[in-house]
Amino acid sequence: MKLSVFRVRVLVLLLAVIYTAGVWLAPAVLSSDGKQQATLAVHFLAVGQGDAILIETPEGNQVLVDGGPDSRVLTHLAEYLPFTDRTIEVVVGTHPDLDHVGGLADVLAQYYTPTIITTEASGASSEAAAWEAAVENERAAVHYARAGDVYRLGTDTTLTVLSPSFDPTKLNSNAGSIVALLQFKNVAFLLTGDAPQGVEQYLADTHGNTLQAAVLKLGHHGSDTSSHAAFLAAVSPVFAVVSAGIDNRYQHPDPAVLARVAAHTDAQILSTQHGTVSFESDGESVWLLQ
């Protein structure tokens, strides 16, 4: 009996260490023919004027980057997560603006989340305050993002923080956005939050062509405040995604941004204004799901 109790305690301790370190070990996901699923899926959810990105790793782990402006994110999550799956392994709040964290308190209320990645910045909206309170109440391992942080999401999947490099409370909200590179084997997705051109230029100067990614989420919903020419050239995406609402009052995406993307990349431009944009990758190539 004592040995069994000891083993249980050791197992609990190991699980706590694994979650704190940002590493998840999940059973392999099997397809209907019994073969291991070997692809990564990334869904840019159509949540209106805002960002919400669902990542599904080959191991069956889910990562949600932002939650859009309101609770409609839950409807989209239900499309991809079976009713019996009440865990989202990682939730990332890139910055505390309403259109990014407005739905995240509802997400934490509906799903157990062992790991949260966020920043120290506070938002002005009641929804941002609800998100901050939900983070405190979730009993999760909370990580405040800094450039250079690497989170292992699966055997071959990592999320590397590129920005911010220091306390984001010293910056405006958008400049303090988490910018992260999702890497699955040889395929990368660059997720930019609302990072402005100044941050993008700094990243291009600092990282150069190592920023290359097959899929780029255009910063700030396609606003002209983002998508610096040097940054676009450094990333050199195959696909560029705009996350914006239909007939939004900001008139995103800005025609000047679309022109810059066309001038500095060969990317196909896609928008959540026409519905969720989904990709799948085997780690060597990436393709658009219809």
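Here is a chat about a predicted model of one protein chain.

Visitor: Before we start, what kind of model is this, and how are residues numbered?
Guide: It's a predicted model, where local features need pLDDT of at least 70 and side-chain atom pairs count only at pLDDT 80 or more, while totals for chains, interfaces and linings use all residues. Residues are numbered from 1 along each chain as its sequence is written, and side-chain values use heavy atoms, with hydrogens and water left out.

Visitor: Okay, how many helices and strands are there?
Guide: The protein chain has eight helices and 15 strands. Those are DSSP runs numbered from the N terminus: H or I with at least four residues for helices, E with at least two for strands.

Visitor: And how much of the chain is buried?
Guide: Buried residues make up 52% of the 290 residues. Buried means under 20% relative accessible area, exposed means over 50%, and partly exposed is in between, using a 1.4 Å probe and protein chains only.

Visitor: What about contacts between residues 24 or more positions apart?
Guide: They account for 66% of the contacts with a separation of 6 or more. A contact means heavy atoms within 4.5 Å.

Visitor: Let's look at β10. Is it covered or open?
Guide: Mostly covered: five of the five residues in β10, 187-191, are buried. On one side sit Val187, Phe189 and Leu191, on the other Ala188 and Leu190.

Visitor: Which way does β10 run against β9?
Guide: Antiparallel, with five bridges joining β9 (residues 179-184) to β10. Strands pair if DSSP finds at least two bridges between them. Gln183 stands opposite Ala188 in β10.

Visitor: What's in the turn of that hairpin?
Guide: There are two residues between the strands, and Lys185 takes a positive phi near 50°.

Visitor: How does β10 pair with β11?
Guide: In the parallel sense, over two bridges, with β11 spanning residues 215-217. Leu190 stands opposite Leu216 in β11. The chain gets from β10 to β11 through helix α6 (residues 197-207), and this β-α-β crossover is right-handed. Right-handed here means that, with the strands pointing away from the viewer, the path from the first strand over the helix to the second runs clockwise.

Visitor: Switching topic: which residues line the largest cavity?
Guide: Val65, Val92, Thr94, Leu159, Ile178, Ala180, Leu191, Thr192 and Gly193. Leu191 also belongs to the buried set on β10.

Visitor: What's its volume, and how is a cavity defined?
Guide: The largest cavity has a volume of about 50 Å³, and a search of the whole structure finds one cavity of 30 Å³ or more. On a 1 Å grid over the protein atoms alone, a cavity is a set of points where a 1.4 Å probe fits but cannot get out, and lining residues have an atom within 4 Å of a point. Grid points are joined across faces, edges and corners, and the volume is the space filled by probe spheres set on the points.

Visitor: How does the lining divide up?
Guide: Six nonpolar, three polar and no charged. Ala, Val, Leu, Ile, Met, Phe, Trp, Tyr, Cys and Pro count as nonpolar, Asp, Glu, Lys and Arg as charged, and the others, Gly among them, as polar.

Visitor: What does Leu289 touch?
Guide: Ser278, Phe279 and Glu280, not counting residues up to four places away in sequence. Leu289 lies in β15 (residues 286-289) and is partly exposed, at 32% relative accessible area. Its C-alpha atom is 9.4 Å from that of His43, 246 residues apart along the chain.

Visitor: Where are the cis peptide bonds you'd point out?
Guide: One runs from Ser163 to Pro164, with omega near 5°, and another joins His252 and Pro253, with omega about 0°. Pro164 is in the loop between β8 (157-163) and β9.

Terms used
1 Å grid on protein atoms, 1.4 Å probe; cavity = no way out; pocket = protein on both sides within 12 Å on 5 of 7 lines; lining within 4 Å.
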